[in-house]
Amino acid sequence: KLGDRWSLHNNFVYAQLQVNSSTVAGNDISKDLGFEWDIAAVYQPHPRFQWVNQVGLLFPGSAWKEGNVDRDAAFTYGFQTKAAISF
């Protein structure tokens, strides 16, 4: 909590393949799919109203950069904002 009305939420997700994808694609590709970090600032001036601003940062792993298929494996991000009113 940042105060009475503001809070900060963080989520971290890491993904990895269970089996080596070389049996599927015929290549020796890493199991690392990458990770995502979501950061949300929540403003709640009233118990029944909430405004959320969230940023998602995606860092693709080495599995996207290997193999014979040309994939865009660069860092990317997304932003979302939403308001929720409870009745």
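Reader: With which side chain does the side chain of asparagine 53 make a polar contact?

Author: A polar contact is a pair of N or O atoms within 3.5 Å; within protein, one must be able to donate a hydrogen and the other to accept it, and residues adjacent in sequence count only if both atoms are side-chain atoms. For asparagine 53 the separation is 2.6 Å. The partner is the side chain of threonine 81.

Reader: On what kind of model do such values rest?

Author: Residues are numbered from 1 along each chain as its sequence is written, and side-chain values use heavy atoms, with hydrogens and water left out. Local features need pLDDT of at least 70, side-chain atom pairs count only at pLDDT 80 or more, and totals for chains, interfaces and linings use all residues, for this is a predicted model.

Reader: Where does asparagine 53 lie, and is asparagine 53 buried or exposed?

Author: Asparagine 53 belongs to strand E3; helices (H or I, at least four residues) and strands (E, at least two) are DSSP runs, numbered from the N terminus. Buried means under 20% relative accessible area, exposed over 50%, and partly exposed in between (1.4 Å probe, protein chains only). Because its relative accessibility is 19%, asparagine 53 counts as buried.

Reader: Which pattern does the protein chain follow along the sequence?

Author: The secondary structure of the protein chain comes to one helix and four strands. Read along the sequence, these elements give the pattern β-α-β-β-β.

Reader: In what order do the four strands form the open sheet, and which are the edge strands?

Author: Two strands pair if DSSP finds at least two bridges between them. The pairing in this open sheet is antiparallel, and the order is E1-E2-E3-E4. Each edge strand pairs on one side only; these are strand E1 (6–16) and strand E4 (76–85).

Reader: By how many degrees are neighbouring strands of this sheet turned against each other on average?

Author: Axes are lines fitted to C-alpha atoms, for helices over the stretch in contact, and angles run from 0 to 180 degrees between N-to-C directions. With direction ignored, the average for neighbouring strands of this sheet is 15 degrees.

Reader: How many bridges join E2 to E3, and how many join E3 to E4?

Author: Strands of a sheet pair through backbone hydrogen bonds, either parallel or antiparallel. E2 and E3 run antiparallel, with a hairpin of two residues joining them, and glycine 34 stands opposite proline 60 in E3. E3 and E4 also run antiparallel; here leucine 58 is opposite threonine 76, and leucine 57 is opposite tyrosine 77. The bridges number eleven for E2 to E3 and ten for E3 to E4.

Reader: What separates the C-alpha atoms of tryptophan 51 and lysine 82?

Author: Tryptophan 51 has its place in strand E3 (residues 49–60). Its relative accessible area is 36%, so tryptophan 51 is partly exposed. Along the chain, tryptophan 51 and lysine 82 are 31 residues apart. Their C-alpha atoms are separated by 5.8 Å.

Reader: Which residues form a nonpolar patch on the surface together with Trp51?

Author: Like charges are joined within 9 Å, and nonpolar side chains (Val, Leu, Ile, Met, Phe, Trp, Tyr) within 5 Å. The patch has about 420 Å² of accessible area together, from the Shrake-Rupley method with a 1.4 Å probe, where for residues only the protein chains shown count as cover. Beside Trp51, its members are Leu2, Trp6 and Leu8.

Reader: Is alanine 83 buried or exposed?

Author: Alanine 83 has its place in strand E4. Its C-alpha atom is separated by 5.7 Å from that of glutamine 50, 33 residues apart along the chain. Because its relative accessibility is 55%, alanine 83 counts as exposed.

Reader: Why does serine 7 count as buried, and which side chain does the side chain of serine 7 contact?

Author: Serine 7 is found in strand E1. It counts as buried because its relative accessibility is 15%. At 3.2 Å, its side chain makes a polar contact with the side chain of histidine 9.

Note on methods:
Patches are made of residues with over 30% relative accessible area and no salt bridge: like charges are joined within 9 Å, nonpolar side chains (Val, Leu, Ile, Met, Phe, Trp, Tyr) within 5 Å. A salt bridge is a side-chain nitrogen of Lys or Arg within 4 Å of a carboxyl oxygen of Asp or Glu.
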